[in-house]
Amino acid sequence: MSVEVRIPTVLRTFTGGEKAVHGSGATLHEVLDDIDARNPGLKERIVESQSLRRFVNVYVNDEDVRFAGGLNAPTSDGDVVVVLPAVAGG
Amino acid sequence: MHRAKRGITPNVTAVLTIAREHVDAMIAHAREDHPDEACGVIVGPEGADVPTRLVRMINAERSPTFFRFEPQEQFALYKEMSTTEEEIVVVYHSHTATQAYPSRTDISLASEPQAHYVIVSTAESGAADGQVSLRSFRIADGAVTEEEIDITE
């Protein structure tokens with residue numbers, strides 16, 4: 001089972017410059033755990049205290065996971081996860 | 001234009017080359033949304049560092065002290081750029097009561113290391129015609145580097 005996770009430029013230091021990595025899992029959380037095993041530190045930039053970081057948007061198949069179960073959003077073979085840091089400031 | 005004068009300063013290679021119409025469009029947007037912060041991007045072909053297409057973004061915060069791209073709109077832009085092989089070249093926003101320099105929040109949330117961060121300050125003239133300042137920065141790993149702006153007609 002493989003889910004493609006698209007990595008934003010700012011986090012590619014964790015993936016050796018790769019724009020996308022693949023992981024497996026039945027939920028977003030499991031997929032992130034799986035890719036973090038090979039790209040240590042990546043998950044921590046997306047997840048904080050068991051939930052998504054406030055300024056990181058994550059989409060599973062074009063759907064914002066904040067409205068689809070958050071880290072428990074289901075994932076399956078062939079799904080595409082997009083990680084998109086919020087563009088924000090003061 | 002300003003590069004020659006600053007020939008001996010460090011980081012002199014940093015420069016934003018940008019069309020006059022885009023500078024004018026950012027200022028116009030900042031004035032329209034004053035006293036709230038305006039925000040948007042100028043995108044261009046991947047890897048070229050040339051801003052070609054300005055896209056106004058909704059400030060989901062509608063705030064005089066904060067901005068955040070509306071997430072669905074940001075995602076739509078991401079999808080579009082994947083198709084057109086474009087990337088964000090400039091991220092711009094306005095400061096409506098302070099100078100055109102990155103705030104601590106701007107620095108801590110900067111997440112587009114390839115982008116030029118342009119800040120327009122409407123603090124002096126508000127929504128009216130008059131003095132505005134517009135400056136460009138690189139923000140990466142918590143470090144701010146101001147760069148020259150080379151405006152092309």
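Cys39(B) faces Met57(B), a residue of strand E3 of chain B; strands here are DSSP runs of at least two residues and helices (H or I) runs of at least four, numbered from the N terminus. The model is predicted, with local features requiring pLDDT of at least 70 and side-chain atom pairs pLDDT 80 or more, while totals for chains, interfaces and linings use all residues. Residues are numbered from 1 along each chain as its sequence is written, with chains lettered from A and ligands numbered from 1 in the order in which they are written.

Strand E2 (residues 39-45) of chain B pairs with E3(B) in the antiparallel sense over five bridges, where pairing calls for at least two DSSP bridges between strands. Both belong to an open sheet of seven strands in chain B, ordered E1-E8-E7-E6-E5-E2-E3 with mixed pairing.

Following H2(B), Glu85(B) adopts a positive phi of about 55°.

Turning to the meeting of the two chains, the contact draws 15 residues from chain A and 20 residues from chain B. On the chain A side, E7(A) gives the most, with three residues. Strand E8 of chain A is also joined to strand E4 (residues 67-68) of chain B by two bridges, and the two run antiparallel. There, Gly89(A) stands opposite Phe67(B).

Notes:
Contact = placed C-beta atoms within 7 Å.
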